[in-house]
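Work through the exercises below with the model open. Each task is followed by a solution in steps.

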Amino acid sequence: HITIALRNSMLLNEVNSKNEEIERLSEISYQMNRTLDFDMIFNLIYSYLEETYGFEGFGLSIVTPDRKNYITERYKLPPSLSEIEQQLSGAEYPLDPESGGRVAECILLNKVFYFTDINPKNINDELNKNVVELLQIKTALHIPIYVGEETLGGFFLSSHTKTLHLTPDDLEAIKRFTNNIGGALRNSKLYEQIKSKKEEVEKLSAISNQMNSSFDFDKIFEQIY
């Protein structure tokens, strides 16, 4: 009877945990569907993964339209690494495992990579070794982001002050999470690009109107540059 009670208690806890995960993901999905703000979506993703699994670092990389490179669209690191965080945000790398590191390999192979208890001395690849040493990485998780059959980019999750040990269930839950947000990220990114193009066209239109109505060369030069 004690064994049965313990088993039932464990099953109940597992069910409750799954229900909480579903409720949290539903809430995040609802918030994402209400906005096209790329920063807001990034913050929702980061907050969930930090609170739920203890990650301290988070990188979001998106493949360029020509699929030759990837751009680290957003990067979040602990305060002690804030200067490096600024350098990494917006950086562009070749979509090639030899020069683009593990992120490129994750995207190209559409494959999850999970490393824990990381020791730089055991890493042969110089690029990956340098990244681990520079960021003081203890645990690293690379997950591809895809929409349908198209790989959009990749998530890089990391810990820097402590080692994280994820269970197979944890990894599956994180994969489910990333599968559900690929569409929201793509739509947000497309909106950001369209908004940028619109602002560029409006600026050129304003300059053109000014040129047609004024012969003040210095004023026109200031607007262009």
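**Exercise 1.** Classify Tyr 48 and Tyr 53 as buried or exposed, then classify the geometry of their ring pair.

Solution. This is a predicted model.
Step 1: Tyr 48 has a relative accessible area of 3%. Buried means under 20%, so Tyr 48 is buried.
Step 2: Tyr 53 has a relative accessible area of 13%, so Tyr 53 is buried by the 20% cut-off.
Step 3: A pair of aromatic rings is described by the distance of the centres and the angle of the planes. For Tyr 48 and Tyr 53 the centres are 6.4 Å apart and the planes stand at 85 degrees. Planes over 60 degrees apart count as edge-to-face, and the Tyr 48–Tyr 53 pair is edge-to-face.

**Exercise 2.** Classify the pair formed by Phe 113 and Phe 115, and state how accessible each residue is.

Solution. 
Step 1: The ring centres of Phe 113 and Phe 115 are 6.4 Å apart, with 5 degrees between the planes. Stacked requires planes under 30 degrees apart, so the Phe 113–Phe 115 pair is stacked.
Step 2: Phe 113 has 8% relative accessibility and is buried. Phe 115, at 32%, is partly exposed.
Step 3: Phe 113 also has a charge over its ring: the charged end of Arg 102 lies 4.9 Å from the ring centre.

**Exercise 3.** How many aromatic pairs are there, and which residues form one cluster with Phe 42?

Solution. 
Step 1: The count comes to eight aromatic pairs.
Step 2: Phe 42 forms one aromatic cluster with Tyr 46, Phe 58 and Phe 155.

**Exercise 4.** Describe the largest pocket by volume, lining and contributing elements.

Solution. 
Step 1: The space in the largest pocket is about 630 Å³.
Step 2: Its lining has 32 residues, and those nearest the centre are Arg 102, Leu 127, Asn 128, Val 131 and His 142.
Step 3: Two or more lining residues come from each of β1 (57–63), β2 (69–76), α3 (82–88), α4 (97–109), α5 (126–135) and β5. α5 gives the most, with seven residues.
Step 4: By class, the lining of the largest pocket has 17 nonpolar, 12 polar and three charged residues.

Technical notes. Residues are numbered from 1 along each chain as its sequence is written. This is a predicted model: local features need pLDDT of at least 70, side-chain atom pairs count only at pLDDT 80 or more; totals for chains, interfaces and linings use all residues. Side-chain values use heavy atoms; hydrogens and water are left out. Rings of Phe, Tyr and Trp (its six-membered ring) pair if their centres lie within 6.5 Å; planes under 30 degrees apart count as stacked, over 60 as edge-to-face and the rest as tilted. Buried means under 20% relative accessible area, exposed over 50%, partly exposed in between (1.4 Å probe, protein chains only). A charge sits over a ring if NZ of Lys or CZ of Arg is within 6 Å of the ring centre and within 35 degrees of the ring normal. On a 1 Å grid over the protein atoms alone, a cavity is a set of points where a 1.4 Å probe fits but cannot get out, and a pocket is an open set with protein on both sides within 12 Å along at least five of seven lines; lining residues have an atom within 4 Å of a point. Grid points are joined across faces, edges and corners, and a volume is the space filled by probe spheres set on the points. Helices (H or I, at least four residues) and strands (E, at least two) are DSSP runs, numbered from the N terminus. Ala, Val, Leu, Ile, Met, Phe, Trp, Tyr, Cys and Pro count as nonpolar, Asp, Glu, Lys and Arg as charged, and the others, Gly among them, as polar.
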